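Student: Can you walk me through this one? I'd like to start with the helices and then get to the aromatics.

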Amino acid sequence: MTLIATPGATANSYADVVFADEYIATHDPDLAWFNIAPVIKESLLQRATELLDELRWQGSKSDSVNSLRWPRLYVYDKEGIQLDGTTVPLFLKRAASEFAFHLSEGDTTREAGFKLIQIGPLKMESGDEQLSDQDPIPAQIRRMISFYLEPSGPSLVRG
């Protein structure tokens, strides 16, 4: 599937490979990332975007036609300035790139779904029984985006 990082009905990533390469080169110049084929990087960016899109973000989608949850309206930065509702914000492009890099080191977000499967002499065992209980978003990525997420947990509603 072709990577499309421009907001719209067919978008499937918040960042493109060029952006991710530039971001990683300046923030964590790990040579392993640069040895990955572009088509694999595209897949990693798409997976990172899918997982980020499962989160509850502040504001609302700016256009119902958009296939992704960003761009959004009524979202403000730490200075109280409203984010542009027509583009993907820089913090999210960076988070998607960082997350794709993290996934390139091994996708720990997929649920194992089994502990042990044995068919004749062939035996497959999940390496981590607790895998499905983990937060799929790494702490480093969550710190990058937490300001823009809806508060979680119980809320007090006064009538």
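Tutor: First, a term: contact here means heavy atoms within 4.5 Å. Also, this is a predicted model.

Student: Fine. What do the buried residues of α1 pack against?

Tutor: They pack against α2 (31-34), α3 (38-52), α4 (90-104) and α5 (139-145).

Student: And which residues of α1 are buried?

Tutor: Helix α1 covers residues 17-27, and its buried residues are Val17, Phe19, Ala20, Asp21, Tyr23 and Ile24.

Student: What caps the N-terminal end of α1?

Tutor: Asp16 does, with a side-chain oxygen 3.3 Å from the backbone nitrogen of Val18.

Student: Back to Phe19. What sits over its ring?

Tutor: The charged end of Lys93, 5.8 Å from the ring centre.

Student: OK, α4. How many residues, and how far does it reach?

Tutor: α4 has 15 residues and spans 21 Å from its first C-alpha to its last, close to the 21 Å expected at 1.5 Å a residue. Gly106 follows α4 and has a positive phi, near 130°.

Student: Which of its residues are buried, and what covers them?

Tutor: The buried ones in α4 are Phe91, Leu92, Ala95, Ala96, Ser97, Glu98, Phe99, Ala100, Phe101 and Leu103. Their cover includes α1, α2, α3 and α5.

Student: Now the aromatics. How many aromatic pairs are there?

Tutor: Counting ring centres within 6.5 Å, there are 6 aromatic pairs. One of them is Trp57 with Trp70: the centres are 5.4 Å apart and the planes are at 80°, so the pair is edge-to-face.

Student: Where in the chain are those two?

Tutor: Trp57 is in the loop between α3 and β1 (60-61), and Trp70 is in the loop between β1 and β2 (72-73), 13 residues apart. Both Trp57 and Trp70 are buried.

Student: Why is Trp70 with Phe91 called edge-to-face?

Tutor: Because their planes are at 80°, with the ring centres 5.6 Å apart, and over 60 degrees counts as edge-to-face. Trp70 is in the loop between β1 and β2 and Phe91 is in helix α4, so the pair ties together parts 21 residues apart in sequence.

Student: Which residues do ring pairs link into a cluster?

Tutor: Trp57, Trp70, Phe91, Phe147 and Tyr148.

Student: Tyr148, then. Buried or exposed?

Tutor: Buried, at a relative accessible area of 9%. Tyr148 lies in the segment after α5.

Student: What is it in contact with, leaving aside neighbours within four places in sequence?

Tutor: Trp57, Gln58, Val75, Tyr76, Asp77, Lys78, Leu83 and Phe91. Tyr148 and Tyr76 are 72 residues apart in sequence, yet 7.9 Å apart in space, C-alpha to C-alpha.

Terms used
Residues numbered from 1 in each chain as written. Predicted model: local features only at pLDDT ≥ 70, side-chain atom pairs only at ≥ 80, totals over all residues. Heavy atoms only, no water. Buried < 20%, exposed > 50% of the residue type's maximum accessible area, 1.4 Å probe, protein only. Helix = DSSP H or I, 4+ residues; strand = E, 2+ residues; numbered from the N terminus. Polar contact = N/O pair within 3.5 Å; in protein donor to acceptor, adjacent residues only side chain to side chain. Expected span 1.5 Å × (residues − 1). Phe/Tyr/Trp six-rings, centres within 6.5 Å; stacked < 30°, edge-to-face > 60°. Lys NZ or Arg CZ within 6 Å of the ring centre and 35° of its normal.
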